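Work through the exercises below with the structure at hand, and try each task before reading its solution.

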Amino acid sequence: MQREFYSPQIKGPVLLPTTPLEMDNGNCPVAAPFKDGAFYDPFDGKFKLWYQAGWFGATAYAESSDGFHWERINTRAGNGTNRVLPYSEGRIRDGCSVWLDLNSIDERYKMFLFTRDPQKREYAELRTSADGMTWSTPTPIMRCGDTTSLFYNPFRDKWVLSVRSLYNREQYLYRYRSYREASTFYELAACQKEYFWQTADVDDARDDIYDCDTQLYSLDCVAYESIVIGLYQIFKGPHNTIAEKLKTPKKCDLYIGFSRDGLQFSRLNRNEFIAGTGACGAWNEGYIHPATGICIINGHELLFYFGAWSGNSPHLGRHMYAGGSTGVAALRRDGFAALVTDNVGRIVTPLVCFEGEGLWVNAQCKSLKAELRDINNRPIKGLTFNDCVCRNIDSTKQQIIWKNPSRLKELTHVPVHIVFEIEQGKLFAFWISKSKSGASGGYLAAGSVQHRGIKDDPYEY
C-alpha cells in the first residue's frame, strides 16, 4: 500500500469587504482573518468569525448558522458596526488571535492583540470575554512579533504563543517561530522563557518567479483527534520593499505538519495545502493566512477558514495589502492522508494497547476486513480474517464486525497488532471506541457541529 496526501477543496470566498469599516476609504479593503479566529460554539449553535476589517483597521465579528452564509453582528463597542474593540486613537491593530475556551465559563474567549502607535512603538496584550463581543481591559505582555498567535495544547495542558521572531541576513529580515507556554492564559503575560521552535528548511521549495529563500511566516496549531495539526505559512517572496513596488500580494501559502505533543512535527507532506492562485486580481491571488482554530468539523468534512488577498484597490488600483477576503476550503474528515491500493493490500500496525469494544474505520474501498494478532504475530481466535464480515465501505465512520464481537473487549490493555486487508481503495483512519456510537474520544479542533465539548466524547451520545 502507498501513502497519499490530500488538500482541501476551496469552496470560494464567504466574506468580501463591503461595509465602510471594511472598505478602508477605498484604499485597502479587507474582510479577512489576519489570524483572528474561526470557531464553532456549541452553546448557541453558531459558527463564529473574528476578522480584520480594513487594513490595520478594526477587529470585527460575524456569525453563521451553516458556515457559508455570514452575518455581521453589531456590538456595544462598535457604535453601529460589528467591531468588537472600541476605536483607540493613536493605536493601529496588526495581528490578532482569538481562541474559544470551552473549559471556561466567564472567560470563554481569549485574545492576543498586537498594535503599534504612530512612532512605531509596539504593544502586545491579552484580553478575555464571556461572549466574544465585549472584551476586558488589556493585560500587557512581554514583547513579541506582529503575527504572533495563540493556541491551547491539551496534550501538555498549556497555553501557547507561537511567536514571530527575526534574524538578519544580508539586507533582509528573516522570519522563524519561537515558543512560549504557560499553565494558565494570563501566566503568558509574565512568561519570559522563549525557545526556538520551527523554521522553514531546504525541503520548502523556492518560488520559480521570486526565487527567494523561504521563511516561516507563521505557524498555527490545534488539537485534532490524537494529534496536533500545524499549518505552516511559508513565505516565498517578494520581500516587502519589492512587493510594495510591484503592488502585488506576497506569496504566502499554507503547508501542513503533524505532532504528538505540539513541539516536534512531522512534515512528510510538502505539497501545498491551501495556496493562492497567483492570478493577478483573483480574490485569492496570494498572501494566504489561516484563521486561528484552523478547522471546524461539519459532519463528514472539515472546514478551513483563511484570509486571501487580491491586491485590488478601488482608489489605488493595486496595493500589496488590498482586497482581503475570507475563504473556506473543505476536506473529508480525517482526509489528510490515506493508505491506498489499486489491487489488494495489507497494513500491519505496531503493537497497540486499547480500551474499548469496537474497531472503527474511515475508508473508501471495494472491500475491507481486519484481523487481530498477538505479540508473536499469530491470529487471535475469533478475530481473524475468516471471522470478519468483509464489506464495501465508503464512510467516515464504519464499524468492523466479527462473528463474535465480544472478543475484542476481552483484549483491553493486551498488546496486539491490527491487520487490515483492503481491496481497491483507501484507508484514512482507524480507532477503537469505548461506545457503540463509535465516538473516538479525540479532540475536535475548533469545534464540531455534532458535539458540545472539546472531545468526541462517548458519554454525549
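The exercises that follow concern cavities and a pocket.

The model is predicted, so local features need pLDDT of at least 70 and side-chain atom pairs count only at pLDDT 80 or more, while totals for chains, interfaces and linings use all residues. Residues are numbered from 1 along each chain as its sequence is written, and side-chain values use heavy atoms, with hydrogens and water left out.

**Exercise 1.** Describe the largest cavity by volume and lining.

Solution. On a 1 Å grid over the protein atoms alone, a cavity is a set of points where a 1.4 Å probe fits but cannot get out, a pocket is an open set with protein on both sides within 12 Å along at least five of seven lines, and lining residues have an atom within 4 Å of a point. The largest cavity has a volume of about 210 Å³, a volume being the space filled by probe spheres set on the points. Of its 18 lining residues, Trp-99, Leu-100, Tyr-152, Ala-445 and Ile-454 are the closest to the centre. By class, the lining of the largest cavity comprises 14 nonpolar residues, three polar and one charged (Ala, Val, Leu, Ile, Met, Phe, Trp, Tyr, Cys and Pro count as nonpolar, Asp, Glu, Lys and Arg as charged, the others, Gly among them, as polar).

**Exercise 2.** Characterise the second largest pocket.

Solution. The second largest pocket has a volume of about 640 Å³. Its lining has 24 residues, of which Arg-175, Tyr-217, Asn-240, Lys-250 and Tyr-321 are the closest to its centre. Eleven nonpolar, six polar and seven charged residues make up the lining of this second largest pocket.
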